[in-house]
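Have the viewer open as you read.

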Amino acid sequence: MTKTRSSLTVSLISALMITGAAGFAAAEDISATGKTEPQPMPPAVTIPEAPKPAPINNTTAKPKEKPKNPDVEMAGPLTETRRKEQEQLFTDLRKASTPEKSHAIASRLRQSFVRTGSDSLDLMLRWAETALNQSRDAEAQDYIDEVMAQRPDNATVWQLRARLHLRRNELAPALNDIRQAMILEPRNFDVLINYATLLRETGNRKGALRLYEQALSVYPMMKEAQDEMLKLTEADSDTAL
């Protein structure tokens, strides 16, 4: 590979070429006359000074602060700050005065339940749910397995796998998975509702009723829990008559 020559290298090569030419001329004079004529000195080579190094700047530029987004702040494993924010959301959910307010707060909480701390894993959870909704069970299984391998402490992935077991009529594994989801996040009202539905379908009406009550204690305006609890109580009243 040919390297670019510096000005110093070019100067040195030029000087050597001048000296060499003078030497050849002297040799010719000796051979012709037998005498050595004095030769002029080659021009002096001026070696340029090396440039001074630039001063080192040890000042590190401060990164620009990103604007705070409450939904993004809820991402990832629970830090102390996020835990306090989530507790406040649960308090606000219990005290919400209108269905619209409670729905907005519940949406924020659902986002906090789903977040894994990894954008790629969050995306896989959404893909898994979409695949389940579209009956693409094998694809859903792949996504669920990937998230489960990396974040087994996420309640949502256990809930999705429970749904997958139900699609395959695997009741016992479904119950185990939804129970694990409830252990990981006992105030996840969606998990409570799904668990209650499983118990109701297997004939455990009292267990289902307790779970509906528990869901309503967290989310008093949750219409699904209200409707299902009303159906159970009415059915029990009819049976008693």
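## Overall make-up

Helices here are DSSP runs of H or I with at least four residues, and strands are E runs of at least two, numbered from the N terminus. On that basis, this predicted model has 11 helices and zero strands. Read from the N terminus, the elements go α-α-α-α-α-α-α-α-α-α-α.

The chain has 241 residues, and 29% of them count as buried. If you look at contacts with a separation of 6 or more, 52% come from residues 24 or more positions apart.

## The H8/H9 pair

Take helix H8 (residues 171-184) and helix H9 (residues 189-201): their axes sit 10 Å apart, and the packing angle is about 150°. Angles over 145 degrees count as roughly antiparallel, so that's the label H8 and H9 get relative to each other. The crossing of H8 past H9 is left-handed.

On the H8 side, the contact involves Leu171, Ala174, Leu175, Ile178, Arg179, Ala181 and Met182; H9 answers with Val191, Leu192, Asn194, Tyr195, Leu198 and Leu199. Sorted by class, that's 11 nonpolar residues, one polar and one charged.

## The core

Which residues have the most contacts inside the largest nonpolar core? They are Leu93, Leu109, Val157, Phe189, Tyr195, Leu211 and Met222, in a core of 47 residues. H9 is the top contributor to this core, with eight residues.

Met222 is worth a click. Setting aside neighbours within four places in sequence, Met222 is in contact with Arg110, Phe189, Asp190, Ile193 and Leu216.

How values were computed: Residues numbered from 1 in each chain as written. Predicted model: local features only at pLDDT ≥ 70, side-chain atom pairs only at ≥ 80, totals over all residues. Heavy atoms only, no water. Axes fitted to C-alpha atoms, helices over the stretch in contact; angles between N-to-C directions. Parallel < 35°, antiparallel > 145°, perpendicular 65-115°, else oblique. Left-handed = near helix turned anticlockwise from the far one by under 90°. Contact = heavy atoms within 4.5 Å. Nonpolar A, V, L, I, M, F, W, Y, C, P; charged D, E, K, R; others polar. Core = buried A, V, L, I, M, F, W, Y, C linked by side-chain atoms within 4.5 Å. Buried < 20%, exposed > 50% of the residue type's maximum accessible area, 1.4 Å probe, protein only.
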